[in-house]
Amino acid sequence: MKRDPVLSDLRAKFNYAFKQTTEQRSNEFFLLFNEFIQEQSGVKGWGKDMVDVYTRLRDKLQKFTPNLTFLTLNTKNLEAIKIHLSESMYNDALKKNLAYLKSFVKWAKEKHYTVCEEFDSYRPKLPKGHICVKYLSLDELDRIYNLKLEDGSALDQTRDFFVFQCYTALRYSDLKQLRPDNITKSDDGKFIIRLLTEKDDDAVSYPLAQRAVEIYKKYSTHIYDGGRLFPILSNQKYNEHLKELGKAAGLTGEWIDYEYRLQEKIEVHTPKCDLATHTARRTFIVTALNEGVSTNLIMLITSHSDYKAMTPYIKATMKGTGSVISAIDKTYSKNKNGRDAKS
């Protein structure tokens, strides 16, 4: 609920606008941004990744417009910021960063800092990109699984971790935190994984697929750094080795995304051999959907809480789209046979 301004508000606005120097106001903006990151990372429990997102945005803004203040957040300057950010990111990332900026400014307003009135009405129209689901077929996964690699090498371990992810849907963050006691054997001899996921803070529990069991047994005789089940590589090194793995497996073809930079549509071609950690999780989901597993059951394993998040995977399934085409072909054949019989 808005309230009418009182004398103290008017005094604060006057002092901010006329008594502070430009240098004081610009320093205030970015110093306050630092305070925002520090405070909100504690209040909202941000992990390192989220802190890095806001830190990068702050650095980009400070490098581009070091004298930025709350009062200069007008439409003209916001457009300039939008164009500057678009030089290093597509629209989807750009919209997120503008939303992060709004979160910071909203926080500052709650602290009674005076912000340019044009800021709240700034809502640029940015076309949304169309990103394909990057996953592997079972034949492609088999090709990776059956590679002859030097036992214990970085590439051998990368292959094991990636295949384990493909059969468990675990994110890299969850794979990294796995401990031996996260996997137990049930009375009927099945290996059960129980884990509190890092991103969603959701408790998941389900039996391991046979290939995942084989990989678990391969590493379960050792305890690695930090009591981990696997000798996990850094995320950067893991992704680097995954690209080597894709090339070693001879993966061919490419994925095509349609991105936008402001109003310009851009085709982005990614070779299939450029594997990434998320390729494994997507492979699990699409494979399960193709085999007719219900979306609700898949969500119990992947810890997705929003059904909308599953829509891209459903669109990606050949079985789903194939059933539509089969139905159309069936109708066409029926009508054609009827016409032929009459003639």
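Let's start with strand E3, residues 203-207. Its side chains alternate. Val204 and Tyr206 point to one face, and they are buried.

One caution before I go on. This is a predicted model.

Now, what does E3 pair with? Strand E2, residues 191-196, pairs with E3 in the antiparallel sense. There are five bridges between E2 and E3.

Step back to the whole chain for a moment. It has 14 helices and five strands. It runs to 343 residues, and buried residues make up 38% of them. Now look at contacts between residues at least 6 apart in sequence. Of those, 65% join residues at least 24 apart.

On to the helices. Take H6, residues 138-145. Which residues of H6 are buried? They are Glu140, Leu141 and Ile144. Seen down the axis of H6, these buried residues fall within an arc of 100 degrees, so they line one face of the helix. And what do they pack against? Three helices: H7 (154-166), H10 (235-248) and H11 (277-290).

Let's follow H7. Thr158 sits in this helix. Is Thr158 buried or exposed? Its relative accessible area is 0%, and under 20% counts as buried, so Thr158 is buried. Its side chain reaches the backbone oxygen of Ala154, at 2.7 Å. Now leave aside the neighbours within four places in sequence. Thr158 is then in contact with Leu233, Tyr238, His241, Leu242 and Leu245.

Next topic: aromatics. How many aromatic pairs are there in the whole structure? A search finds 23. Here is one of them. The ring centres of Trp46 and Tyr54 are 4.6 Å apart, and their planes are at 10 degrees. Planes under 30 degrees apart count as stacked, so this pair is stacked. Both partners are buried. Trp46 has a relative accessible area of 17%. Tyr54 is at 4%.

Here is another pair, back in H7. Phe161 and Tyr219 are 5.8 Å apart, centre to centre. Their planes are at 45 degrees, and the pair is tilted. It links distant parts of the chain. Phe161 is in H7, Tyr219 is in helix H9 (residues 210-219), and they are 58 residues apart. Phe161 is buried, at 1% relative accessibility. Tyr219 is buried too, with a relative accessible area of 4%.

Trp46 and Tyr54 also belong to one aromatic cluster.

Last item: charges over rings. Lys102 lies over the face of Phe119, at 4.8 Å from the ring centre. And where does the charged end of Arg211 sit? It sits over the ring of Tyr145, 3.9 Å from the centre of that ring.

To recap. H6 lines up its buried residues on one face and packs them against H7, H10 and H11. H7 holds Thr158 and also Phe161, whose ring pairs with Tyr219 in H9. That's the tour.

How values were computed: Residues numbered from 1 in each chain as written. Predicted model: local features only at pLDDT ≥ 70, side-chain atom pairs only at ≥ 80, totals over all residues. Heavy atoms only, no water. Buried < 20%, exposed > 50% of the residue type's maximum accessible area, 1.4 Å probe, protein only. Helix = DSSP H or I, 4+ residues; strand = E, 2+ residues; numbered from the N terminus. Arc of directions from axis to C-beta. Contact = heavy atoms within 4.5 Å. Phe/Tyr/Trp six-rings, centres within 6.5 Å; stacked < 30°, edge-to-face > 60°. Lys NZ or Arg CZ within 6 Å of the ring centre and 35° of its normal. Pairing = 2+ DSSP bridges. Polar contact = N/O pair within 3.5 Å; in protein donor to acceptor, adjacent residues only side chain to side chain.
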